[in-house]
Amino acid sequence: MTIEKEYTEGRTTFLSADVDHYSGDKKQPTTSLPVFYNPRMQLNRDLSVLFLTVYMDRHPVELMCEPLTGSGVRTLRYLNECPSDFYAIMCDTNPLAVDIAQRNVEALGFNNRAKVIHGDAKLLLMTESREKRFDFVDVDPFGTPTPYIYAAVQSMSPKGGLLAATATDMPVLCGVHPNIALRRYGGFSARTPFTHEIAVRLLNGFIYSIAGSNDCSIEPLAVVSTDHYVRTWVRIDNDRAEANQQAREMGTIVYCTGCMHSMVIPLLSKLLNVDFDHKREGCTGTLHLAGPLWIGALFQNQYLIDAINLLAKDESQTYHRRVSGILEKMLEESILTSRPYIDLHALCDLYNLTPPKTRIIIQGLKDQGFEVSRTHFKPTAIRTTASVNEVMQIILNYQMR
Ligand SMILES: C[S@@+](CC[C@H](N)C(=O)[O-])C[C@H]1O[C@@H](n2cnc3c(N)ncnc32)[C@H](O)[C@@H]1O
Ligand SMILES: [Zn+2]
């Protein structure tokens, strides 16, 4: 018999397998839990509740699906904490998860707003959407979401919908296994100081190509990279013409290990004619290539503004303490995503310098007229219109004072 425990996350109380009991000394939930629940993903689910709420202000959501639901906590939180009266279909292959999710639905009084199905995620997405297609699909698996994205896009309402997907296969996405990234996501990952940005761009690039092969365009609303995962929220629209136009949002990122210069090269620019511009500075460092991947915008800043306002009005005080800081940084960086972020610590390491405080470099860049922001990806990184050499100059000026 499964040892269960009652948990409360956000404003929602539910049962799952007792994580402490089954994790033992590891203190980390593993995939061998009888029913999977990871309390460390609260931040992910908090952001998901906020983004779904602000999405619902713009687009109707009547029917949603979480095809890999575990204890059901994610969908239970949507049902309980988002304002709209939508219906949810939840699914899992694990009969213990289905049983506990079903009891959670009943305990929270959502029998008339949710059903839990025992089965395979891909099959469910294709079959359950035959009657009425989904306005929102949330893919939150172990590891990579790629095997489920095709079925998720096909299950989406012809009027368009929201697709959210989490990926936890970080060694693949972050350049430890670039060949596996090519196989899974259609682009090479790379080990660079901005490797997590490459990770979210590979995920969005993959979603773009699957949406495109179904005559749909994508509109990335937000991405998050934290702890051991990345997640994206993407609006899918039935718009073949826009999908054609979006070919310009696919490209590669070339990075030099010698000078840390990076260059975003659209696939449409005919790669061979592009001269990597660190050569002007006399650098002959080794170049690494990531992609093809999504080089377009990562955030819709009005969504972020609305999520921040929603959080400010929240009286429950149940959101993770990091949510507000992450949203603020996302908003700051949302208008500066045409180039990868620069990690100041990695840059200082390259030149054997002690890194100054990030805010000091930000001020130095602002004083020189550059646009600059923090990034939620890394506390030691910035986004800026300045080149790495210009950032380096500011660091050197500061060190010489
Ligand atoms: C990471 S957990 C889900 C966590 C959940 N979304 C949450 O926020 O707590 C992944 C779940 O997918 C289930 N699963 C694995 N393969 C599946 C498949 N092919 N179809 C449906 N469920 C599957 C596992 O049993 C597990 O409960
Ligand atoms: Zn170089």
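Start by selecting strand E6 (residues 136-139) and strand E7 (residues 161-167): they pair in the parallel sense over four bridges. Pairing here asks for at least two DSSP bridges between two strands. The names come from DSSP runs numbered from the N terminus: helices are H or I runs of at least four residues, and strands are E runs of at least two. Click on aspartate 138 and you'll find it opposite alanine 164 in E7.

Before you go on, a word about what you're looking at: this is a predicted model, in which local features need pLDDT of at least 70 and side-chain atom pairs count only at pLDDT 80 or more, while totals for chains, interfaces and linings use all residues. Residues are numbered from 1 along each chain as its sequence is written, and chains are lettered from A and ligands numbered from 1 in the order in which they are written.

Stay on E7. How many of its seven residues are buried? Seven of the seven are. Buried means that 20 or more other C-beta atoms lie within 10 Å of the residue's own; exposed means 12 or fewer, and partly exposed is in between, with C-beta atoms placed from the backbone. In a regular strand, side chains alternate between the two faces of the sheet. Colour Gly161, Leu163, Ala165 and Ala167 for one side of E7, then Leu162, Ala164 and Thr166 for the other.

Next, select ligand 1. Its shell has 20 residues, and the closest are Leu68, Gly70, Asn94, Ala121 and Asp140. To belong, a residue's C-beta atom, placed from the backbone, must lie within 6 Å of the ligand. Helix H3 (73-81) and strand E4 (87-92) each give at least two residues to this shell. By type, the shell has eleven nonpolar, five polar and four charged residues. Nonpolar covers Ala, Val, Leu, Ile, Met, Phe, Trp, Tyr, Cys and Pro; charged covers Asp, Glu, Lys and Arg; the others, Gly among them, are polar.

Now jump to the open sheet of three strands, ordered E13-E15-E14 with antiparallel pairing. Strand E13 (342-343) and E14 are its edges, each pairing on one side only. E13 and E15 pair over two bridges, and isoleucine 342 has isoleucine 382 in E15 as its bridge partner. Contact means C-beta atoms, placed from the backbone, within 7 Å. Axes are lines fitted to C-alpha atoms, for helices over the stretch in contact, and angles between N-to-C directions run from 0 to 180 degrees. Then show helix H14 (residues 358-367): it touches E14 and E15 too, and its direction makes about 10° with that of E15.

Zoom in on helix H12 (residues 323-333), where Leu327, Met330 and Glu333 are buried. Why are they on the same side of H12? Because they cover an arc of only 135° around the axis, taking directions from the helix axis to the C-beta atoms. Their cover includes strand E8 (217-226) and helix H11 (301-313).

Aspartate 227 isn't a glycine, yet has a positive phi of about 50°; find it in the loop between E8 and strand E9 (229-237). Asparagine 352 has a positive phi too, near 55°, and it's exposed because it has 6 C-beta neighbours inside 10 Å.

Key. Contact = placed C-beta atoms within 7 Å.
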